Structures are given as C-alpha cells and as structure tokens.
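Here's a quick briefing to read with the viewer open.

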Amino acid sequence: MDNRFGDIETFLLVADEGSFAAGAKAMRLTPSAVSRSIARLEQRLGVLLLRRTTRALALTREGIAYRDRMLVLLGDMMELEAGLG
C-alpha cells in the first residue's frame with residue numbers, strides 16, 4: 001500500500017527534529033519504522049534526502065529543496081482546506 005503522505009510527513013518531522021530517534025518518538029513509531037519510511041520515499045524519488053552517520057543526520061541539497069517545497073505545498077493545501085469550510 002502506498003502511504004505517500006505518511007512518508008512525506010515522516011521525512012518532514014525527522015528533518016525538523018534532527019534525528020530518526022526524535023522523529024520516531026514524536027510520531028510514536030519505532031526508529032526502524034521511521035527508517036523504512038524514509039527509505040521508501042528516497043527510493044520513490046530516486047534521490048538521497050538525508051545523509052546519515054552513526055552520530056549525525058544532515059539534509060542533502062536535494063533534501064533541503066524537497067523539504068522547503070513540501071512545506072509550501074502543505075501550507076497551500078491547508079489554506080485551501082480551511083477556505084472550504
């Protein structure tokens with residue numbers, strides 16, 4: 001099953017929190033579930049969004065561009081939905 005929006009939400013939260021563990025805790029998921037979600041998103045997009053080491057997590061250039069654009073798109077979507085009610 002394609003959980004495209006869930007994977008995007010997970011990526012944005014991990015990017016905001018700065019770690020898989022913090023993102024997992026905020027979403028009440030396991031770190032491995034978060035890792036799988038990010039891996040699915042990266043595979044679907046065909047780019048590496050996050051550079052991982054044992055001690056740090058950093059957004060790639062593509063990750064920064066994707067995060068920034070997604071935040072704009074999600075903001076537009078929320079504005080549209082709020083205007084319908």
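Predicted model: local features only at pLDDT ≥ 70, side-chain atom pairs only at ≥ 80, totals over all residues.

Residues are numbered from 1 along each chain as its sequence is written, and side-chain values use heavy atoms, with hydrogens and water left out.

**Overall fold**

- You're looking at four helices and two strands; these are DSSP runs numbered from the N terminus, with helices being H or I of at least four residues and strands E of at least two.
- Along the sequence, the elements come in the order α-α-α-β-β-α.
- Taken along the principal axes, the C-alpha atoms fill a box of roughly 45 × 30 × 25 Å.
- Of the 85 residues, 27% are buried (buried is under 20% relative accessible area, exposed is over 50%, and partly exposed is in between, using a 1.4 Å probe and protein chains only).
- Take the contacts (heavy atoms within 4.5 Å) between residues at least 6 apart in sequence: 45% of them join residues at least 24 apart.

**H1 against H2**

- Two packed helices are described by the angle between their axes and the distance between the axes.
- H1 and H2 (residues 20–27) pack at about 125°, with axes 8 Å apart (axes are lines fitted to C-alpha atoms, for helices over the stretch in contact, and angles run from 0 to 180 degrees between N-to-C directions).
- That angle makes H1 oblique to H2: under 35 degrees counts as roughly parallel, over 145 as roughly antiparallel, 65 to 115 as roughly perpendicular, and the rest as oblique.
- The crossing of H1 and H2 is right-handed, which is the label if the near helix is turned clockwise from the far one by less than a right angle, with left-handed for anticlockwise.
- On the H1 side you'll find Glu 9, Thr 10, Leu 13, Val 14 and Glu 17, meeting Phe 20, Ala 22, Gly 23, Ala 26 and Met 27 of H2.
- The residues of this H1–H2 contact split into six nonpolar, two polar and two charged (nonpolar covers Ala, Val, Leu, Ile, Met, Phe, Trp, Tyr, Cys and Pro; charged covers Asp, Glu, Lys and Arg; the others, Gly among them, are polar).

**H1 against H4**

- H1 also packs with H4 (residues 61–84), at an angle of about 115° and with axes 11 Å apart.
- This crossing of H1 and H4 is left-handed.
- Ile 8, Phe 11, Leu 12 and Ala 15 of H1 make the contact with Gly 63, Tyr 66, Arg 67, Met 70, Leu 71 and Leu 74 of H4.
- By class, the H1–H4 contact has eight nonpolar, one polar and one charged residues.

**Thr 10**

- Thr 10 sits in H1 (residues 4–17), and counts as buried because its relative accessibility is 4%.
- A polar atom of the Thr 10 side chain lies 2.8 Å from the backbone oxygen of Gly 6.
- Apart from neighbours within four places in sequence, Thr 10 is in contact with Met 27, Val 34, Ser 37 and Ile 38.

- Arg 28 belongs to the loop between H2 and H3 (31–45), and counts as exposed at 79% relative accessibility.
- Most residues other than glycine have a negative phi.
- Arg 28, though not a glycine, has a positive phi of about 60°.

Methods: Polar contact = N/O pair within 3.5 Å; in protein donor to acceptor, adjacent residues only side chain to side chain.
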